[in-house]
Protein chains: 2
Amino acid sequence: MAKKWVSMRNLRFLLNEVFKVTELNQSPYFDRHNATTYKLVLEEAAKLGDKLLHPVFEDMDRKPPELVNGQVKVHPSTKKIIQEFGKNGWISSSFPEDHGGEQLPLTVANACNFIFAAANYSGSVYMGLSAGAVNLIQTFGDETLKKTYADKLIQGLWQGTMALTEPQAGSSLADITTLATPDGKGGYTLQGQKIFISAGDHDAVENVVHLVLAKIEGAPAGVKGISLFVVPKKRIDSAGELISNDVTVTQVFHKMGYRGAPITELSFGEKNDCQAFLVGEPNRGLSYMFQMMNEARLGVGLGATAIASAAYYAALEYTQSRLQGRKLSSKDPLSAQVPLIEHADVKRMLLFQRSVVEGSLSLILQCSFYEDMQHVCPAEDKERYHLLLDLLTPVAKSYPAEMGILSTSMSIQCFGGYGYCEDFPVEQHFRDMRIHTIHEGTTGIQGMDLLGRKLVMNNGKAFFLYLDEVRKTIGEARGNASLEKLAVDLEEALTNLEHVTSHLMVQAKVKGAETMLADAVLYLDMFGIVTMAWQWLAQALVVQAAMSDNLSKADNAFYQGKHYTCRYFFAYELPKIQGLAKRLTDEDPLTLDMPASCFGD
Amino acid sequence: MAKKWVSMRNLRFLLNEVFKVTELNQSPYFDRHNATTYKLVLEEAAKLGDKLLHPVFEDMDRKPPELVNGQVKVHPSTKKIIQEFGKNGWISSSFPEDHGGEQLPLTVANACNFIFAAANYSGSVYMGLSAGAVNLIQTFGDETLKKTYADKLIQGLWQGTMALTEPQAGSSLADITTLATPDGKGGYTLQGQKIFISAGDHDAVENVVHLVLAKIEGAPAGVKGISLFVVPKKRIDSAGELISNDVTVTQVFHKMGYRGAPITELSFGEKNDCQAFLVGEPNRGLSYMFQMMNEARLGVGLGATAIASAAYYAALEYTQSRLQGRKLSSKDPLSAQVPLIEHADVKRMLLFQRSVVEGSLSLILQCSFYEDMQHVCPAEDKERYHLLLDLLTPVAKSYPAEMGILSTSMSIQCFGGYGYCEDFPVEQHFRDMRIHTIHEGTTGIQGMDLLGRKLVMNNGKAFFLYLDEVRKTIGEARGNASLEKLAVDLEEALTNLEHVTSHLMVQAKVKGAETMLADAVLYLDMFGIVTMAWQWLAQALVVQAAMSDNLSKADNAFYQGKHYTCRYFFAYELPKIQGLAKRLTDEDPLTLDMPASCFGD
């Protein structure tokens, strides 16, 4: 087992030095917190990761959930994990106080969630799902729903889920067929199937509460006819007892990784006795669900980053201790072997991982910070932060998910053959990682969301705000001798992104949305790289200001390492946008033109 | 289970139309073969893949090898697989007749090996390892070794292995410590440990024959003191009986994938009773082993390509049949859903996979063809083909291995959530794939081999021959209206590669080899992409010549598909060299400068 999975030093750097979270406390919304409480919260999170989650990281993988007599059995430690988290207020930590929460800045709460996910990703997802569900109920549900479900979910006694996908519809939510029929008593009965429902059933809680997208009989076709329902596994009867609500688990999927959490197929109303409770107004379900989806997408980015972090530290530890070969400049076979980390190519592999991990984490916290700013900023700035968060959510979901596959793969590579074996944790991290480009909207969906929706909404306002943000950072770096070149490189990259964006907008007008969106994933890639470069330059600015001759050896090494990683990103990763930009502007519509039949034979 | 894992049509295209293997038969070396025998051989290979290998593809993964009482137990079907292959001459198919082989062109033999590996990679590796071992014995061993081992290995009764890596040395062969001590009777006794030995022991054969690198007592330090030995698990005593040769299996590794084949740790001479038989001369072991290594490296590229092929066809089948969503141009939710393959982004993902699979296969067969040409060309051309094969071997190993990870990952992505589950084969392909950038020399090792050895050998002669080859293809494409732009793009890319190469050679002179080689992996990436573009243009030339109005519908779709895939490669993949070239020429020595201590905290 690895000794370390996150850098607490880096978390403190991002929270205190980059985002300066304590400044949030000057506003009434966050004024019950201060630097000391943040410190304690982080330490407590580290302790939970250490004592509760990480010890069963491997065992939860080796003993995955099973479906036994219609009930999903999960790893025995799951119950303790969920209850501890419930008992100590972690599920609701960032909720407003009047929703039963601690009103902790999301930036701080997500730093803690990062620790949990890095310690044991599967073990950490149960709480996030419950948090998303209760947040939806608190925001859009009526008093009865809140009273019935919120406390139980917050306390970790019941499990929350989000149930969108159906076997026949996949990513195409317009095609869901789960049907809610008015029962004549003001309620609904539900019938349908949902697939790939995370934590859709298990024996670590006494009840499961599904937030289900369904169509009310006679609703409009497509996404405009989707409503949101609370559908518990067990409903409360007139005597106050929990009784079956006709929700059946029809399958537990056997997955490549992420095996500590059950992914299920559910059937609602097989006996025509499944009661569903409408959330908010009919036919507005998808817009409600998007609140949960956006949180969940940020959560996926966070989870991917956390897994990459754990794999990176395992690789770092190995390359620091494992002696192998000699530097090319001293190949005398009688000299001592050097640690792997002394080889330039190994440093390159480590820098790649570190750039992905710390860059992605910075972006996740940036997004969280935009959320927090909406609570503290003047009313006229609220839209600004909201739009920035909206724009960056698909990027913060996809960049860590896509690059996380490569990053954990590189972690394996640092180990050589050992990395492919169960003796070390990295093969599990690689397997755990692979789900993240799929769940909560595939990368293809995120690309269309960014380019087809976020870029064009409010006449491109979010994009212009984004350009302002990046240029603010560039402006601060300009004139600083050691950052000048990086600032120039980022300005050039940003101009390139603007150019590509304009080109695609013209394409949309001339040739239609299909042409503009054909390579939306490449656009998302390019946007992600530029955004990471921005996050790295922002970090490098803080590092520059902090460098002095009086630093401790550890601080000096940390800041130097940051600066090298920033340079790595600009030297190795940022140039990748050139190839992307070339394709995005070359106008050969080959994926649109090619008939599907040409894949034959 | 998938219905298809290779395209026989594509194999015929490459063998008959691109490489024109029947022209080889005009030379005496291959004159016992003809178009009909090749056709029969391919059909037989397809049948074996279909009936023998593929049916146990999943089961060999689900029931991996176990170490029971010192003996490795493998899947029960393994024995039948190895014996069938032995009985029918597959292990020695490309060997010269005087080595007990069929003298089949390697190009054809590797087309068959591709079918086997695509049907069931783990099941196919046993034979390749035996073939490599027996080839070494036949080439460098004395008559006694040949007589004792060759037939048993060729017949699939015994298993061959290559035992290089040691626990304390990893990729650094200079540091191996396995010791051969003269026994005073003209032989040697061996002591030492070897790790990650594929098929290092199992119960599907009656004996295992290890080709072991070791040092003879008093040999020079480093790689100059390495000798090659045959070390059987069981040796033949004076009565002609097989008795234990003191080789112990100390571990079977539990691997993420490639689980149908046992990877073992071996201990030689624990009881000081392990006899080793010297192959060739003392201290020349590494140069002998490189023959096997080079074959094995081509085999790794072939295996990676084959796995990617199987995953691609699974993804293709799924996207052709699975209905989901609508085209952006007709979002009416009341209209029927379309197959996934109708979405431009899905076609992009499929084209990526196809470009990796068919491009890599083309390169593997190109390398095999260079090997074959050495048997048929005039004496003065032999060096030319030898050098080209030598130069391209690290590329043909690494491009398929590295891109295979991405390609199988993309196959999963085509399935969405299902791709992550055991219900479909792609998650296994993704797991099986991950070993290929590691075994038989990591990508880092291949990068140094290409840039540090192959580029500079014979004053760069191999590289100049390579440039000639590529320019010959460019020349043929020039002036052809539909290929002109591709030819120009490739010429530009090749010039870029020349420029980067010169730059690095100057760096070597001015700053030393360490600077030149720091980013050898990026150079290998760039070389790989340019080489793929060349292979695609070569295929496109054949396609151009074959297109006519009289083609069958299937042929027309096949050729059109080829042309689209070639265009895809030039539009999406070739531009990636821009970013690589930028880094390779920017001269910031950051991975050399950065102290390892800066990774602390």
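**Notes on the predicted model**

1. The model under discussion is a predicted one. B:G419 is placed in the loop between α10 and α11 of chain B. Residues up to four places away in sequence aside, B:G419 touches B:S411, B:I412, B:Q413, B:C414, B:F424, B:V426 and B:E427. The C-alpha atoms of B:G419 and B:S409, which are 10 residues apart along the chain, are separated by 9.2 Å.

2. Helix α11 of chain B covers residues 426-433, and eight of its eight residues are buried, so the helix is largely enclosed by the rest of the structure. The residues concerned are B:V426, B:E427, B:Q428, B:H429, B:F430, B:R431, B:D432 and B:M433. Which elements cover the buried residues of α11(B)? They include α3 (57-62), α6 (121-140), α8 (285-321) and α10 (382-415) of chain B.

3. Chain A as a whole. Chain A contains 19 helices and 12 strands. Its radius of gyration is 25 Å, which agrees with the value near 25 Å that a compact globule of 601 residues would have. Along the principal axes, the C-alpha atoms of chain A fill a box of roughly 80 × 65 × 60 Å. Of the 601 residues in chain A, 59% are buried. When contacts in chain A between residues at least 6 apart in sequence are considered, 76% join residues at least 24 apart.

4. Domains. The domain assignment divides chain A into domain 1 (8-154), domain 2 (160-282) and domain 3 (442-590). The centres of domain 2 and domain 3 of chain A, taken over C-alpha atoms, are 40 Å apart.

5. The nonpolar core. The largest nonpolar core has 425 residues, and those with the most contacts inside it are A:F229, A:M526, A:A533, B:F229, B:M526 and B:A533. Neighbours within four places in sequence aside, A:M526 is in contact with A:L497, A:V500, A:I577, A:L580, A:A581 and A:L584.

6. The interface. How many residues of chain A are in contact with chain B? The number is 85, and they meet 85 residues of chain B. On the side of chain A that touches chain B, at least two residues each come from α9 (344-376), α10 (382-415), α11 (426-433), α15 (513-517), α16 (520-546), α17 (553-573), α18 (576-584) and α19 (590-593) of chain A. The most is given by α17(A), with 10 residues. By class, this side of chain A has 39 nonpolar, 26 polar and 20 charged residues.

7. In helix α18 of chain B (residues 576-584), B:I577, B:G579, B:L580, B:A581, B:R583 and B:L584 are buried. Their cover includes α17 and α18 of chain A, together with α14 (484-511) and α16 (520-546) of chain B.

Notes:
Residues numbered from 1 in each chain as written. Chains lettered and ligands numbered in written order. Predicted model: local features only at pLDDT ≥ 70, side-chain atom pairs only at ≥ 80, totals over all residues. Domains from an automatic or database assignment. Buried ≥ 20, exposed ≤ 12 C-beta atoms within 10 Å, placed from the backbone. Helix = DSSP H or I, 4+ residues; strand = E, 2+ residues; numbered from the N terminus. Contact = placed C-beta atoms within 7 Å. Core = buried A, V, L, I, M, F, W, Y, C linked by C-beta atoms within 7 Å. Nonpolar A, V, L, I, M, F, W, Y, C, P; charged D, E, K, R; others polar. Rg over C-alpha atoms; globule rule 2.2 N^0.38 Å.
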